[in-house]
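Subject: Structure for you to look at

Hello,

Please find the structure below, with the sequence alongside. My notes on what was found follow it.

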Amino acid sequence: MTDALISKVVDAKSVLIGSSPTADHSEGMSYLETLPRRLVLLYLPLGIIMVVLLFPFYWMALTAIKPDEQLLDLERFNPFWTWSPTFKHIAKLLFETNYPLWLWNTMMVAVAATLLSIVASVLAAYAIVRLRYKGARWVGGAIFLAYLIPPSILFIPLSTVVFQYGLFDTPFALILTYPTILIPFSTWLLMGYFKTIPFELEECALIDGASRWQILTKIVLPLSVPGLISAFIFCFTLCWNEFIYALTFLSSTQNKTVPVAIVNEFVDGDIYRWGSLMAGALVGSLPLVILYAFFVEHYVSAMTGAVKE
Amino acid sequence: MSELALDSKGAKRAIREATAWEGLKVDRDWLGFWFMLPAVAILVLFLAYPLGLGVWLSFTDARIGRSGVFIALENYEWLWGDNVFRTSVFNTLLYTSVASVFKFAIGLYLAVLLNEHMPFKAMIRALVLIPFIVPTVLSAIAFWWLFDSQFSIISWSLRKIGLISTNIDFLGDVWNARWSVIFANVWRGVPFVAITLLAGLQTVPPSLYEAATIDGASRWQMFRFITYPLLTPIIAVVMTFSVLFTFTDFQLIWVLTRGGPVNATHLMATLSYQRAIMGGNLGEGAAISTAMIPFLLAAILISWFGLQRRKWQHGEAND
């Protein structure tokens with residue numbers, strides 16, 4: 001039984017660690033492969049792709065710690081390395097701008113929107129999968145369709161709606177609109193998890209006189225913790241990434257989120273702006289990269305789960 | 001003992017009449033209603049209603065701060081004759097098709113490479129996903145710096161190698177700008193395609209490859225006649241998502257070019273933002289957004305057929 005329950009995470013783990021079926025196959029037929037052949041067919045192309053994928057981050061980090069005079073002088077200094085790293089840009093960012101405030105805004109909006117979406121999705125997913133009320137199947141399909149409606153066709157009417165509700169330029173404009181992106185995704189993900197929980201457990205509880213609410217909080221939720229973590233961190237990442245709503249619904253500087261603030265507040269005519277821009281981008285990415293490092297498997301399971309279900 | 005339990009339960013039910021409140025607590029449909037309420041309320045208020053409102057706005061001449069009057073198809077007629085709008089449709093189609101083809105090709109290739117046995121496999125796979133984790137706007141800013149007209153490290157390197165003599169104006173020239181934003185989009189999209197296809201690749205039974213090897217199949221034949229057909233359903237879903245989000249992209253363009261130079265990189269989404277929010281013509285912007293809907297519907301239908309086919313392959317009954 002536990003096997004079935006954790007199979008999702010194990011699945012995601014195997015995507016990463018890859019004791020996949022093909023691993024046996026490569027062991028079985030590896031005598032066909034010679035080292036030079038592998039070098040040319042595997043390591044070389046993989047190496048090139050990896051370098052292209054990661055170079056922008058290296059460049060971002062390097063620019064953030066380079067002194068100004070080295071930034072724009074590509075001839076006298078080796079541009080790919082610096083021997084005199086400086087924290088000037090990062091310090092300026094943290095102590096002379098509103099950056100900490102923007103980070104706090106982003107964090108608060110992301111956490112609040114994510115929590116709201118998870119609560120709503122847990123209830124909805126449980127009802128669709130296990131209560132199976134009349135028309136549950138249709139509602140499930142409609143929620144999948146909602147997943148396919150992108151923010152960039154909604155922001156214009158939403159801006160008038162946000163204005164009507166009196167939410168314009170408040171964090172609530174984002175906390176209430178982000179769930180429209182997150183709920184369809186996390187409901188869909190959690191539906192997949194709830195389906196793997198054996199029905200018999202709930203039947204036992206029903207016979208023992210448990211209410212639906214008790215079943216949900218005492219049986220279903222403890223068993224779907226990996227799913228909840230996946231949904232949580234993936235939603236959090238999506239919130240952090242969101243741009244167009246934040247750009248449209250917020251106007252005052254102190255309410256902005258990191259992506260919007262960087263684009264609007266840092267772009268001045270200063271020829272030396274690159275150092276602080278890159279520092280801003282680096283510091284804004286770090287929370288997500290750290291979170292990712294701890295929960296790689298959950299990310300992968302959220303990504304592949306959403307596609308597979 | 002079980003009989004005893006059944007007995008007492010039956011007795012209880014006979015004595016006590018269920019009140020209406022208890023009926024509501026047990027009734028599936030009512031419970032379902034209460035459980036669905038938060039999600040449905042948010043989706044109706046902030047998704048379905050704005051979606052309808054958007055279509056309605058596109059038939060009005062609403063401006064910011066003034067609700068408009070119904071003007072039927074006037075917005076669309078005006079857009080039909082508008083060269084900037086036509087350019088944006090062309091750009092969007094070019095951007096979506098070229099970027100999707102490259103994302104698919106490179107993503108599939110990367111997935112096949114990652115599926116091989118090698119040292120540090122888990123770490124390499126985790127690193128591949130980083131471009132997908134970092135917020136688009138922040139990585140787009142890194143690309144903005146990489147594409148700088150004077151201090152681009154790409155131009156510098158190519159000059160040092162001797163391939164070019166003057167700096168490339170990545171974002172200032174019409175076609176250069178188009179290729180540059182497409183490159184940045186592909187860069188961001190490849191990890192998602194690669195990792196999801198990798199998950200699909202791992203479901204292919206190894207015995208098929210063994211049988212094919214015994215039959216003397218080449219590597220390409222194994223890929224063409226085993227891997228590719230078994231992956232088709234997941235490819236359909238992944239590419240639908242990819243096409244959908246590329247088609248409605250906004251962030252990347254807004255950071256890199258804001259639609260310039262001379263509207264060469266304006267997508268429909270960026271144009272609608274410019275017209276509606278910056279220019280104040282809500283009705284016209286809404287018409288541009290609404291014009292995107294037919295394309296999205298086409299993508300969704302493709303996805304639906306992809307899913308159907310997958311169910312059929314797995315031998316599941318339609319549920």
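**Confidence and chain B**

Chain B has a mean pLDDT of 85, and 87% of its residues reach 70 or more; pLDDT is the predictor's confidence in each residue, from 0 to 100. This is a predicted model, in which local features need pLDDT of at least 70, side-chain atom pairs count only at pLDDT 80 or more, and totals for chains, interfaces and linings use all residues. Residues are numbered from 1 along each chain as its sequence is written, while chains are lettered from A and ligands numbered from 1 in the order in which they are written. The model scores ipTM 0.86 and pTM 0.86.

Two stretches of chain B call for care. Two residues are in contact if their C-beta atoms, placed from the backbone, lie within 7 Å. Residues 315–319 of chain B also have pLDDT below 50, and this stretch has two contacts in the model beyond near neighbours in sequence. Where pLDDT is low, the predicted coordinates should not be read in detail.

Chain B has 15 helices and zero strands. Helices (H or I, at least four residues) and strands (E, at least two) are DSSP runs, numbered from the N terminus. Of the 319 residues in chain B, 42% are buried. A residue is buried if 20 or more other C-beta atoms lie within 10 Å of its own, exposed if 12 or fewer, and partly exposed in between, with C-beta atoms placed from the backbone. Among contacts in chain B between residues at least 6 apart in sequence, 69% join residues at least 24 apart.

**Where the chains meet**

The contact takes 85 residues from chain A and 85 residues from chain B. On the side of chain A that touches chain B, helix 3 (residues 35–65) of chain A gives the most, with twelve residues. That side of chain A has 61 nonpolar, 21 polar and three charged residues. Here Ala, Val, Leu, Ile, Met, Phe, Trp, Tyr, Cys and Pro count as nonpolar, Asp, Glu, Lys and Arg as charged, and the others, Gly among them, as polar.

**Helix 10 of chain A**

Helix 10 (residues 179–196) of chain A and helix 3 (residues 28–57) of chain B have axes that come within 9 Å and cross at roughly 140°. Axes are lines fitted to C-alpha atoms, for helices over the stretch in contact, and angles run from 0 to 180 degrees between N-to-C directions. The two helices are therefore oblique to each other; angles under 35 degrees count as roughly parallel, over 145 as roughly antiparallel, 65 to 115 as roughly perpendicular and the rest as oblique.

Within chain A, the axes of helix 6 (residues 99–131) and helix 10 come within 8 Å and cross at roughly 45°. These helices, too, are oblique to each other. Their contact has 16 nonpolar, five polar and two charged residues.

**Two loop residues**

Most residues other than glycine have a negative phi. A:Asp169 has a positive phi of about 65° although it is not a glycine. A:Asp169 lies in the loop between helix 8 (155–164) and helix 9 (171–177) of chain A.

B:Asn263, not a glycine either, has a positive phi of about 60°. Its place is in the loop between helix 13 (251–256) and helix 14 (268–278) of chain B. With 18 other C-beta atoms within 10 Å, B:Asn263 is partly exposed.

Regards
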